[in-house]
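Student: I am new to this structure and would like a close look at a single part of it. Could you take me through that part slowly, and then show me what surrounds it?

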Amino acid sequence: MISGKAGQQKALGGTVGRVPSKEEKQMKKFGLIAVAATLLFAAQPAASQQYPNPYKVGDLWTVTGVHVKPGGSLKVAKDIAAVWQRQQDFAKTKGWISGYKILVNAYPRENEPNIYLITMTDRLATPDESDARGVEMRAFMNMTGEQMQAAAAGRAEFSSPGSTSLLREWVKR
């Protein structure tokens with residue numbers, strides 16, 4: 001048994017009577033800084049929980065603009081009611097969407113859509129779900145894919161599609 005200071009150094013893993021070099025001191029200092037940084041990083045989630053984001057993500061909103069050609073307002077309204085809204089009602093009964101809205105731009109500037117068609121859902125469909133939904137929708141509408149495309153092409157007479165955006169709603173916690 002080594003007594004005194006030398007015994008303490010030996011018990012702590014040091015060499016008796018040896019003074020650490022400058023490099024060893026720097027390495028020890030660097031190691032302590034790394035440990036402190038790790039502890040601060042690990043404590044961050046607890047600290048951030050004290051100040052959570054005031055919002056959480058909500059539904060996805062698909063917003064499509066429709067440009068109505070002069071004299072086409074009534075035709076567009078009838079088409080939306082007969083086709084688009086009917087499809088959205090069906091999709092809602094199937095649980096594919098949580099809701100939809102039709103908004104009219106009362107004062108459209110040049111090149112802005114006159115109408116916005118909006119659907120809300122909690123998630124996007126997978127490719128397989130999308131294919132299956134297409135089959136169900138065509139059966140519901142009693143139309144083939146070719147007939148649906150021909151109907152869409154016929155709308156070019158009185159309207160044209162604008163851009164489509166996918167937006168994520170923020171909901172206050």
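Tutor: Let us take helix 4, which has 15 residues and reaches 21 Å from its first C-alpha to its last, close to the 21 Å expected at 1.5 Å a residue; the expected span is 1.5 Å times one less than the number of residues. Helices here are DSSP runs of H or I with at least four residues, strands are runs of E with at least two, and both are numbered from the N terminus. The model is a predicted one, in which local features need pLDDT of at least 70 and side-chain atom pairs count only at pLDDT 80 or more, while totals for chains, interfaces and linings use all residues. Residues are numbered from 1 along each chain as its sequence is written, and side-chain values use heavy atoms, with hydrogens and water left out.

The buried residues of helix 4 are R133, G134, M137 and M141, where buried means under 20% relative accessible area, exposed over 50% and partly exposed in between, with a 1.4 Å probe and protein chains only. These four lie on the same side of helix 4 because they cover an arc of only 110° around the axis, the arc being that of the directions from the helix axis to the C-beta atoms. An α-helix has 3.6 residues a turn, so residues three or four places apart point the same way. On the face of helix 4 turned away from this buried side are the exposed residues D128, D131, V135 and A139.

Helix 4 also gives two or more residues to the lining of the largest pocket, as do strand 1, helix 3, strand 3, helix 5 and strand 4. A pocket is found on a 1 Å grid over the protein atoms alone, as an open set of points where a 1.4 Å probe fits, with protein on both sides within 12 Å along at least five of seven lines, and lining residues have an atom within 4 Å of a point. The volume of the largest pocket is about 1100 Å³, and 38 residues line it, with T64, W84, Q87, Q88 and L117 nearest its centre. Helix 3 provides the largest share of this lining, eight residues.

Strand 3 (residues 115-121), another contributor to that lining, is mostly covered, with six of its seven residues buried. In the chain as a whole there are five helices and four strands, and buried residues make up 20% of its 173 residues.

Conventions: Grid points are joined across faces, edges and corners, and a volume is the space filled by probe spheres set on the points.
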